[in-house]
Each structure stands twice: as structure tokens, then as C-alpha cells.
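This briefing goes through the structure shown below, topic by topic.

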Amino acid sequence: MNKLEIKNLTKSYGNKNANNNITITLENGVYGLLGPNGAGKTTLMKQIATLIKPTTGEIIYNGKNIYSIEDEYRGVIGYLPQEFGVYKNFSAKSFLQYIAALKGLAKREANKKIDELLNVVGLYDVRNKAIGKFSGGMKRRVGIAQVLLNDPKIIILDEPTAGLDPQERTRFRNLLSAISKDKIIILSTHIISDIESIAKETIMIKDGEMIMKGSHREILSDMNGKVYRIRTNDENQLAEIQSKYKVVNLQRGIDFTELRIVSDEAIPYVNAQVMEPKFEDVYMFYFDLENTKEV
Ligand SMILES: Nc1ncnc2c1ncn2[C@@H]1O[C@H](COP(=O)(O)OP(=O)(O)OP(=O)(O)O)[C@@H](O)[C@H]1O
């Protein structure tokens, strides 16, 4: 069994809440934590990793409060922080040996595990090269290998794809999918496409609160009737739409300008056509334009 119950979690700093009354239950699979900067993603992840103690609320792992089984619980956690420092003069292999020693793994067992993980993350052939010469994606893969050393049941990854090129990002996603079978993986991002393809559920966080949780399909079906396409060559109408509605996309053509907008209310324009929702509309609907597009 692998079950994490987060109950009414709140973290306050003075009179500001970094997160507020969050309740979620997580089981095996990949969960995407989506929200703009400052939404409270890191705070929630650090609370799950026992690095921040909640002000109120509790986290229950397989029926027990995590603080009542603290040492045992830390043994099942793997945490990759946003800023993952690697020693650039170390080779991938010697770095993993060093971390394994810190984690208290016996040398023989560690070496076996390290070779296995270097294969899993596709770095076996370059295991003796200095990490300083690795690309961003390769460094992240070293980070994942490091997290997997003690075979964690809960893996927490804070923006693991930041700064990766599309190819590295795809490779990284495939790696997560491959290891997710018997683990809870929580992955924060503000890039929709990261979680669109691998997360079994997306948890959306805004201003410290959970505003939506569901599968890809559930989230999209909730957006039905809220996405519109408008084609216009009337500059006044264009300006009005832009000022009143959330515009996902604006494309200027020769004969008309095409807008894709999201709105909770019906749109008063006869030239508006309801469109099938896409995941890229979701971010705009719940959050803002910034960070909507893949970088
Ligand atoms: N130690 C602290 N003291 C005071 N306020 C804090 C502290 N840590 C976080 N906060 C505030 O709590 C809120 C949530 O921060 P958090 O880092 O969890 O957000 P985030 O969603 O992870 O953002 P980012 O993507 O930028 O890392 C922010 O408004 C932040 O300023």
C-alpha cells in the first residue's frame, strides 16, 4: 500500500498563508502540481518532504501521521529540490557513490544499485565523465538517479524540467512514467505539457489554495462550453474582447484576426464559436497568460 493523505494543511508566515487548508489523497502514480510562481507549490512539497512543518493540518502515510514515524518516513521519501547542486568535478558515478554513502547504503549494495540506476537514467556510458560537462537534462537525470538510490516510495520533484530543451524534457517524462508504477510521484511545474502527457491527476494551486484536482479528462470536461473562437476584422470589437476576456491565442491573418478565449460566462458576440477545450486553455482559465506557453 502506498497512500498519502494530506488533511487541511496550512502553513502561515505571520499573517500570510503560504498554503491554506489543502486536503488531497495521493496513491501510486504521477501527480502534477500546477500553479504560477508563488502559488505555494514548493511549500506543499517541502511539507510532504518534512522540510517544513505545517502550522495546522496533518499528513498521513499509510494510516500514520508522518511525524509519528519520522525516521521511517524519511527513508521512503526522495526529494529533488528546485536548485539541485551537483559537484561539477565529480563523475556521475562518483557523485552517486558519495550520495549513497551519505544515505548510509552499504558499498557493495550501493555500487550495484548505482550501475542499475545509471542504466535507468541513460547515463551509464558517460558514468565516468565530469558532471560539469553534462547538459542540463543530463544533470537532472543525475538528480533523479540520486533520488532513486534508496528506492523511495514517494518522489517529490520541484520543477524538474526547468531549463530543459524539448528533447530532454520528453526523455525526462518517459523516465518518470517508467518508474511510476509502484510510487507516488509529485511533480511541480508551470509548463502544461509536462503534466499533460504523464500525470494521472493534476492538482492546481492558486494563492495557497487547491482550486482544482482531477484527471486530464475531468479537467477538460469541466472546461466544456468555456472556450470560444472569434474571427473578426473589427478593431473595436478586437480591443473590447482583449480588455474583457482572457485571450489564450491571437492570430492576425490577412482577412481577419482569430482569437481563442476562455470565459466562465456566455459570450455576447454572434461571431463566437464554442470550441473543444485543450489543456493549454486550462492554465489561462485558472491562472494568467504568463507561463501559458511552453518555454
Ligand atoms: N519563509 C517564508 N517566509 C515568508 N513567506 C514565505 C516563505 N516561504 C514562502 N513564502 C511565501 O509563500 C508563498 C508560496 O511560496 P512557494 O515558494 O511555496 O510558492 P511556489 O508556488 O513554489 O512558487 P515558485 O514556483 O516561485 O517556487 C509565496 O507568496 C512566498 O512568498
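Pro 36 is found in the loop between β3 (29-34) and α1; helices (H or I, at least four residues) and strands (E, at least two) are DSSP runs, numbered from the N terminus. The model is a predicted one, in which local features need pLDDT of at least 70, side-chain atom pairs count only at pLDDT 80 or more, and totals for chains, interfaces and linings use all residues. Residues are numbered from 1 along each chain as its sequence is written.

**Pro 36**
- Pro 36 counts as partly exposed because it has 16 C-beta neighbours inside 10 Å. By the cut-offs used, a residue is buried if 20 or more other C-beta atoms lie within 10 Å of its own, exposed if 12 or fewer, and partly exposed in between, with C-beta atoms placed from the backbone.
- Ile 191 lies 155 residues from Pro 36 along the chain, and their C-alpha atoms are separated by 9.6 Å.

- Helix α1 (residues 41-48) is largely enclosed by the rest of the structure, because seven of its eight residues are buried.
- The buried residues of α1 are Lys 41, Thr 42, Thr 43, Leu 44, Met 45, Gln 47 and Ile 48.
- The residues surrounding the ligand are Tyr 13, Lys 16, Ala 18, Gly 35, Asn 37, Gly 38, Ala 39, Gly 40, Lys 41, Thr 42 and Thr 43; a residue is near a molecule if its C-beta atom, placed from the backbone, lies within 6 Å of it.
- At least two residues of this shell come from each of β2 (16-26) and α1, and α1 gives the largest share, three residues.
- Three residues of the shell are nonpolar, six are polar and two are charged. In this grouping Ala, Val, Leu, Ile, Met, Phe, Trp, Tyr, Cys and Pro count as nonpolar, Asp, Glu, Lys and Arg as charged, and the others, Gly among them, as polar.

**Whole chain and domains**
- The protein chain has ten helices and 14 strands, and 35% of its 295 residues count as buried.
- Its C-alpha atoms fill a box of roughly 70 × 45 × 35 Å, taken along the principal axes.
- The protein chain is divided into domain 1 (4-220) and domain 2 (225-275), with bounds from an automatic or database domain assignment.
- The centres of domain 1 and domain 2, taken over C-alpha atoms, are separated by 39 Å.

**Largest nonpolar core**
- The largest nonpolar core has 69 residues, of which Tyr 31, Leu 33, Ala 145, Ile 156, Ile 185, Ile 186 and Leu 187 touch the most other members. Such a core is a set of buried Ala, Val, Leu, Ile, Met, Phe, Trp, Tyr and Cys residues joined through C-beta atoms within 7 Å.
- Helix α5 (residues 136-148) provides the largest share of this core, six residues.
- The core lies between domain 1 (4-220) and domain 2 (225-275), because both give residues to it.
- Not counting residues up to four places away in sequence, Leu 187 touches Val 30, Tyr 31, Gly 32, Leu 33, Leu 157, Pro 160, Leu 176 and Ile 195; two residues are in contact if their C-beta atoms, placed from the backbone, lie within 7 Å.

**Helix α10**
- In helix α10 (residues 279-286), the buried residues are Asp 281, Val 282, Tyr 283, Met 284 and Phe 285.
- Among the elements covering them are α7 (192-196), α8 (216-222), β11 (227-232), β12 (246-252) and β13 (257-262).
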